[in-house]
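Welcome! Please take a moment to look at the sequence and the 3D structure below before reading on.

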Amino acid sequence: MEAGTPDLVKLEDLQVGKTLTGRKHIISLTVENKPGVLARIAGLFSRRGFNIDTLAVGPTEDPDVSRITLTLDGAVHPIDQVTKQLHKLVNVIKIRDMEPDQRIAREMALFRVQAAVDNRADIMQFAEIFKAKIVDVSRRSLTIEVTGSNDKIDAFERMIRPHGLIEMARTGEVAISRSRPDQ
Amino acid sequence: MSRPYNHLPMRAADALCEALKAEGVEHVFGIPGGANLPTYDALYDADLLHIQSRHEQGAGHAAEGYAKASGRVGVAFATSGPGATNLVTAIADAMMDSVPTVFITGQVRTELIGTDGFQEADVTGITLPVVKHSFLVTDPRQIPTYIHQAFHIASTGRPGPVLVDVPQDLSRADIEYEPAEGPPELPGYKPPTEGNIKQIRLATKALANARRPVIYAGGGVVNANASEELIDFMASDKFPITLTVMGLGAFPAPHEQWLGMLGMHGTRTANYAMDSADLIVAVGARFDDRITGKLSEFAPRAKFVHIDVDPAEISKNVPAHIPIVGDAKDVLPKLTREYRALKADSSRLDDWWGRIRAWQHEYPLGYEDSTDSVIKPQFMIEAMYEATEGEAVITSDVGQHQMWAAQYYHFSRPRRWINSGGLGTMGFGLPAAIGAKVARPDDQVVCLAGDGSLVMVCQEMATAAVHDIPVKVFLMNNGYMGMVRQWQELFWDGRYSSVELGDSPDWVKLAEAFGWTALRCDDKRELTGSMRTALGTDGPVLLDVHVDQTENCFPMIPAGAAARDMVG
């Protein structure tokens with residue numbers, strides 16, 4: 001068989017894909033519930049130069065397994081390398097890089113906002129529009145709890161800032177995959 | 001057959017020794033201290049041979065040398081605090097070179113942890129970035145399971161160092177020893193072995209079409225014990241092959257398909273071949289920066305097949321057109337079979353070999369020998385090759401001597417060349433030779449040392465003397481930290497900042513003080529004879545060879561430069 005027959009592969013036809021996806025990634029990790037696991041993950045990111053945008057940790061339905069949800073920017077980091085390096089950690093059981101249309105992602109945030117008597121009604125109106133809850137009140141401030149998508153929290157923050165945002169605490173997103181219709 | 005110690009109550013430290021024996025461990029290197037006294041008390045009666053090192057770094061490198069020479073898991077013990085931190089260099093070295101090792105450190109009593117107790121150090125925290133995995137024992141009954149898991153993790157997939165940290169009070173506690181058997185339960189650890197057959201077929205179809213292929217293999221082939229499979233694959237067609245410094249010996253050096261080592265101090269032929277290749281098949285190698293030089297200009301005309309057991313290495317530095325994740329020992333035979341079935345036309349490689357032979361003819365590896373008695377370092381390597389008949393296990397330190405050995409000693413079998421490649425640890429050579437000799441007592445083991453390196457670990461000469469480990473050290477003595485001096489000469493305007501070692505110590509006197517036999521040679525006419533004398537003398541021997549002080553190691557790809565800009 002001569003070299004160059006159609007059965008063989010032409011070297012010019014071999015391609016590689018792009019390494020940077022250009023979008024935000026939500027990665028859900030199930031990990032063994034053991035001491036030090038979070039340190040291993042954070043350490044991995046730091047020494048490989050990957051920047052974690054947000055991180056949320058909590059239990060799952062299995063007491064031996066925790067879930068870590070982190071978000072990072074796929075425009076800056078090669079997401080393939082990130083997941084492959086994470087796989088090398090012995091305590092990491094499963095990694096899901098959730099596609100945007102296959103996940104439900106939620107975040108919770110607490111905002112302490114200036115709300116003296118003269119603008120209190122406006123603040124309470126924003127809370128109602130965003131279906132948020134007022135969880136604390138003082139003479140000059142209100143604390144508001146907002147739950148929802150990343151975009152919704154961003155939007156609430158943008159609305160509330162001009163009115164005097166004193167303090168903000170966000171959890172970072174958690175995500176779960178969408179159920180298939182027949183599941 | 002039931003083992004005699006099943007369910008017998010014993011101290012956790014005794015169970016630790018039993019667990020090590022259950023893993024097949026026969027030799028351990030280490031140093032006792034407060035936090036690992038229970039372990040050492042258990043060692044006193046256990047059926048394990050313990051070699052007492054003189055610095056924990058020596059114990060760690062000995063465990064590495066043991067592992068690299070034999071393919072078995074090397075084991076080292078250290079106590080808490082400074083003992084454990086002294087191990088860190090060896091652990092990092094094992095990580096970078098993927099050496100199957102288990103390091104067991106004592107830790108302070110559990111109630112002292114986190115209180116800055118005496119000789120306390122968070123070794124688990126300190127080594128997080130440089131271990132494949134680590135275990136901190138919190139319940140003494142975990143010990144047999146953790147040891148079993150540690151050995152499994154250390155020796156499977158891409159091998160690496162595993163740390164087990166044992167608090168002193170827990171190792172004294174009584175437990176019922178239950179041997180951990182069967183595959184360990186590690187839900188997050190499932191290393192791949194078999195390559196994807198479709199990818200393998202794709203690779204062979206590309207290879208059968210390639211007109212300028214190069215096979216680029218590295219330490220992964222040695223780790224996988226896949227040298228025979230590589231040789232068999234290479235017989236499938238007239239492929240040219242190059243090896244990294246970690247892979248030397250995986251393919252026999254004197255061979256018509258051999259291009260020489262590639263990389264920063266590789267041959268021009270090997271580097272030019274990579275630069276001009278249209279298809280590079282990487283097996284068990286990771287496109288390290290010493291190989292690629294300036295990444296953006298590396299192998300600009302080539303497509304890449306990358307075969308590796310660690311998926312994270314594939315497309316880490318260089319994008320792989322055909323990735324194949326699997327164990328080289330498993331993938332290579334399939335590659336061979338599929339390739340041979342294609343019955344490719346060998347003559348398509350004739351032009352390529354024409355070019356390669358031209359490079360070999362125009363740029364042979366060589367040096368200007370002295371006309372008088374001065375010993376050139378390259379000549380020393382050639383003499384070493386002759387005196388050992390090319391059959392010894394050679395360990396080395398790091399620097400010029402290491403590169404010259406890689407260039408001029410023609411390794412024909414794997415696990416005969418033991419050096420620190422990834423981390424490049426000076427002082428690796430002597431303790432690694434001690435470990436290698438313990439693993440292979442019937443083989444000639446020679447440490448090619450540099451004087452800058454040897455002085456960092458000379459205390460291990462006591463270990464060899466007291467335990468009667470007859471390693472031979474051939475010291476390439478040029479009075480300088482040679483590689484650093486070379487860089488200062490070439491790139492820093494000859495500003496020799498702190499590289500001269502002076503003539504301290506008198507190596508012959510020092511070696512004799514440690515109980516070694518010591519010889520000196522500074523005349524090239526007597527060199528091979530001195531080496532033969534050293535090799536034929538019983539017990540540990542040091543041969544202090546005075547070589548030309550200002551010889552430089554060429555050729556060289558300067559750091560950050562492209563392969564085609566080689567100098568020298």
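The report starts with the ground rules, then takes up chain B, its sheet and helices, and finally chain A.

## Ground rules

This is a predicted model, in which local features need pLDDT of at least 70 and side-chain atom pairs count only at pLDDT 80 or more, while totals for chains, interfaces and linings use all residues. Residues are numbered from 1 along each chain as its sequence is written, and chains are lettered from A and ligands numbered from 1 in the order in which they are written.

## Chain B as a whole

Chain B has 22 helices and 19 strands; helices (H or I, at least four residues) and strands (E, at least two) are DSSP runs, numbered from the N terminus. Its radius of gyration is 24 Å, close to the 24 Å that the globule rule gives for 568 residues, so chain B is as compact as a globular protein of that length. Here the radius is taken over C-alpha atoms, and the rule is 2.2 Å times the number of residues to the power 0.38. Along its principal axes, the C-alpha trace of chain B spans about 70 × 60 × 45 Å.

Of the 568 residues in chain B, 58% are buried. A residue is buried if 20 or more other C-beta atoms lie within 10 Å of its own, exposed if 12 or fewer, and partly exposed in between, with C-beta atoms placed from the backbone. Among contacts in chain B between residues at least 6 apart in sequence, 77% join residues at least 24 apart; a contact means that the C-beta atoms, placed from the backbone, lie within 7 Å.

## A parallel sheet

Now find the open sheet of five strands in chain B, which has the order β10-β9-β11-β12-β13 and parallel pairing. Two strands pair if DSSP finds at least two bridges between them. At the edges are β10 (241-243) and β13 (322-325) of chain B, each pairing on one side only. From one strand to the next, the twist averages 15°.

Helix α8 (197-209) of chain B packs on this sheet, touching β9, β11, β12 and β13 of chain B, and its direction makes about 135° with that of β13(B). Axes are lines fitted to C-alpha atoms, for helices over the stretch in contact, and angles run from 0 to 180 degrees between N-to-C directions. Within the sheet, five bridges join β9 (213-217) of chain B to β11 (279-283) of chain B; B:Ile215, for example, has B:Val281 as its bridge partner.

## Two enclosed helices

How many of the eleven residues of helix α17 of chain B are buried? Eleven of the eleven are, so this helix (429-439) is largely enclosed by the rest of the structure. Among its buried residues are B:Leu430, B:Ile434 and B:Lys437.

Helix α1 (12-22) of chain B has nine of its eleven residues buried, so it too is largely enclosed by the rest of the structure. Its buried residues include B:Asp14, B:Leu16 and B:Cys17. They pack against several elements of chain B, including β1 (9-11), α2 (37-45) and α6 (143-155). After α1(B) comes B:Gly24, whose phi is positive, near 90°.

An automatic or database domain assignment gives chain A domain 1 (19-98) and domain 2 (104-177). Nine residues of domain 1 of chain A are in contact with seven residues of domain 2 of chain A.

Between the chains, 28 residues of chain A are in contact with 30 residues of chain B. On the chain A side, α1 (37-48), α2 (79-87) and β4 of chain A each supply at least two residues.

Conventions. Contact = placed C-beta atoms within 7 Å.
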